[in-house]
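Colleague: I would like to go through this model feature by feature. For each one, give me the general idea and then the case at hand.

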Amino acid sequence: MSKHAQAINQDRTAEPSVELLLDAAREAEVVLEQEARSHPTYADVRHRLGLLRLLRQDPPGAEREFEEALGINPGYRAAYYGLRLARLVQGMPLERLKEPAPQTAVMPEEWAWEWVDQAYHRLTQGEDATEGLPTPRNREEQLLQHHYAGFFALRLGNDERATEHFRAAASLSLITRGALERLDVAPWARGGERGLEDALQGLLWSPLAEDLYAYLGRIYARNGLRDEALDCYERAYLVFPRDARHAMFRAEVAMAFGQEAEAIRLLTQAIDADPTCVPARIALGYEYASQGFVDEARTQFQVAANLAPGYADVRYNLGLLYVGEGRPDEALEEFRRALTLNPSYLPARHSMSHLLCRTGQFEEGLQEYARILKQGFQSGDMLVQMGKAALALHRADEALQYLERAIFMSPEFAPSYYYIGQAYQRKGLKNKARSAWRTYLEKANEWEPLASVPPDGPPEAPA
Amino acid sequence: MRFASKPQDEPGLAKEEVTVKGDELTARNAGRDLQRNPDQPADFAINAKVRQVLARRWVQSEGLEVGTTDGVVLLKGRVEREPGGGSAAGDGVARDRFLWRLRSELRAIPGVVEVVMDMADTERTDRS
């Protein structure tokens with residue numbers, strides 16, 4: 001993709017406008033090449049580079065990258081299909097395509113890779129690319145076939161047939177319709193005379209490219225170029241029409257730009273399209289939680305936990321919700337589940353230790369905190385909690401140890417002084433206790449008012 | 001003279017609990033626990049806000065543990081950002097500056113009393 005995106009910063013004071021130019025593909029290339037150099041064992045970086053080379057009309061370069069990826073991870077099925085694509089578009093002889101697929105688990109989206117692989121294969125044989133494809137079993141498969149039949153018709157110069165397929169796809173999917181209109185190539189719309197061919201031939205027509213377009217979209221979005229990002233997501237949809245993913249990509253941009261209502265709308269749309277979409281449910285749970293919609297947040301996390309019982313993060317956040325609702329037993333249960341899934345999950349153990357102490361289970365809480373220390377982590381606030389628990393257990397000497405460490409680690413954390421004052425008092429050291437409390441007052445008073453959250457808008461300027 | 005921590009600072013004594021009269025400090029009820037202001041957002045809401053800040057800053061959630069306990073935000077793991085933004089990946093100075101800014105933003109979330117970052121110098125793993 002060589003087209004430069006343009007974002008015009010319209011200055012309302014009629015000062016000369018600033019024009020930002022960004023070639024996301026070029027930026028991606030720089031970043032990925034750098035990453036490939038610094039992490040030569042990352043097959044996924046090589047794979048993405050391979051896709052990028054294909055997009056930039058460099059099939060031999062792409063072939064090398066996919067080979068590298070497979071050299072690193074011979075079981076990498078996406079790279080296998082990428083390699084085949086790179087060879088197919090170069091018109092390589094069949095014997096170079098005969099390597100069997102890796103003997104690893106088939107990916108859920110592999111049906112689409114397989115279909116398109118077959119279509120390219122037929123095309124290189126001079127056959128009708130879409131002949132003989134399996135009968136679509138559902139709307140998603142139908143859409144994919146229409147999109148690719150349209151593209152292959154374009155390649156053969158059959159604009160009429162291409163239009164037919166894109167019309168059929170647009171009748172199946174409002175997103176397809178919107179994508180073609182947004183990219184200004186819809187044959188039925190004004191401006192469609194720009195022609196399908198120019199615009200769509202420039203796409204990397206492979207379902208594998210969905211990931212690449214999403215990646216490029218994030219680059220645009222991170223640079224504040226929202227429209228260009230959304231264009232990338234339309235391209236991602238054209239090469240792999242998955243409604244839930246499309247909504248997720250757009251929701252990600254909405255979240256990044258602080259458009260919370262839009263994010264909720266899109267995440268809901270993603271779930272409507274695919275009720276099993278766990279990332280959408282988790283993201284929606286966070287959005288609801290941040291806005292104080294506790295019941296809605298809990299529902300999303302609970303459904304996500306049922307759909308994907310292996311997500312420790314979901315269990316942890318459910319636990320936090322239960323803490324907020326005053327349901328400590330259920331919260332502890334969720335924290336324990338999170339820790340069963342991931343025993344080194346620090347936030348879950350931290351929150352669990354705190355909750356145990358808060359509910360009077362000081363000994364158990366201290367034991368959990370001790371495990372965190374064994375993990376090599378400590379913080380001022382955690383040591384203060386340990387000190388408090390030791391005080392509750394009438395172990396002033398032990399409390400002093402924790403609290404002195406807390407002060408050493410975080411000398412500005414005021415509560416440490418308050419509790420160490422208590423520990424001194426228990427030991428009859430009245431002067432030390434007073435001194436500690438005086439320091440507490442000084443420190444607590446020194447804290448500056450908190451700054452307000454920066455306004456929403458484009459991400460920060462480059463450093 | 002009377003001292004009190006600001007309400008949003010959470011671990012503060014209520015005004016009447018600690019006073020200084022002349023040169024003598026009197027701590028009434030000093031044996032009590034410091035309590036969070038009950039009007040402060042709950043940990044789950046803070047945690048969700050933290051996620052929002054991370055999303056706005058294009059921090060990848062993979063490889064990063066995010067938690068909130070009693071208003072203390074804990075980030076553990078690897079802070080990896082999506083590409084773009086003009087700073088070179090792996091630039092230590094830019095990374096430190098970013099973490100400093102991130103910490104300030106997280107501190108600005110209502111109810112946050114402290115931000116603890118345990119940014120291990122770990123690399124992400126291959127996602128193939």
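Colleague: Which residue stands opposite B:E65 in strand 4 of chain B?

Modeller: Strands of a sheet pair through backbone hydrogen bonds, either parallel or antiparallel. Here, in a predicted model, B:E65 faces B:K76 of strand 4 of chain B. Further along, B:G67 has B:L74 as its bridge partner, and B:T69 has B:V72.

Colleague: In which sense do strand 3 and strand 4 of chain B run, and how many bridges join them?

Modeller: They run antiparallel, joined by six bridges. The hairpin they form has two residues between the strands, and B:D70 takes a positive phi near 55° there.

Colleague: What does strand 4 of chain B do with strand 5 of chain B?

Modeller: Those two pair in the parallel sense, over five bridges. B:L74 stands opposite B:V116 of strand 5 of chain B. B:L74 is also the bridge partner of B:G67.

Colleague: How should I read the side chains of a strand, and how many residues of strand 3 of chain B are buried?

Modeller: In a regular strand the side chains alternate between the two faces of the sheet. In strand 3 of chain B, five of the six residues are buried, which makes the strand mostly covered. Strand 4 of chain B is mostly covered too, with five of its six residues buried.

Colleague: What is the order of elements in chain B as a whole?

Modeller: Starting at the N terminus, the elements run β-β-α-β-β-α-β, that is, two helices and five strands. Of the 128 residues in chain B, 40% are buried. For contacts between residues at least 6 apart in sequence, 48% join residues at least 24 apart.

Colleague: How many helices and strands are there in chain A?

Modeller: Chain A has 23 helices and two strands. Buried residues account for 48% of its 463 residues. Of its contacts with a separation of 6 or more, 47% are between residues 24 or more positions apart.

Colleague: Take one helix there. Which residues of helix 8 of chain A are buried?

Modeller: In helix 8 (residues 174-182) of chain A, the buried residues are A:I175, A:T176, A:A179 and A:L180. They lie on the same side of helix 8 of chain A, because they cover an arc of only 130° around the axis. Among the elements that cover them are helix 6 (139-155), helix 7 (159-172), helix 11 (226-239) and helix 12 (243-256) of chain A. Just after helix 8 of chain A, A:D184 takes a positive phi of about 65°.

Colleague: Why does A:A79 count as buried?

Modeller: A:A79 counts as buried because it has 29 C-beta neighbours inside 10 Å, where 20 or more are required. This residue belongs to helix 4 (residues 77-89) of chain A. A:A79 and A:E67 are 12 residues apart in sequence, and their C-alpha atoms are 7.8 Å apart.

Colleague: Which residues touch the most other members of the largest nonpolar core?

Modeller: That core has 168 residues, and A:A251, A:L267, A:A270 and A:L403 touch the most other members. Beyond neighbours within four places in sequence, A:A270 is in contact with A:A244, A:A247, A:M248, A:A251, A:C277 and A:A280.

Notes: Residues are numbered from 1 along each chain as its sequence is written. Chains are lettered from A and ligands numbered from 1 in the order in which they are written. This is a predicted model: local features need pLDDT of at least 70, side-chain atom pairs count only at pLDDT 80 or more; totals for chains, interfaces and linings use all residues. A nonpolar core is a set of buried Ala, Val, Leu, Ile, Met, Phe, Trp, Tyr and Cys residues joined through C-beta atoms within 7 Å. A residue is buried if 20 or more other C-beta atoms lie within 10 Å of its own, exposed if 12 or fewer, and partly exposed in between; C-beta atoms are placed from the backbone. Two residues are in contact if their C-beta atoms, placed from the backbone, lie within 7 Å. Helices (H or I, at least four residues) and strands (E, at least two) are DSSP runs, numbered from the N terminus. Two strands pair if DSSP finds at least two bridges between them. The arc is that of the directions from the helix axis to the C-beta atoms.
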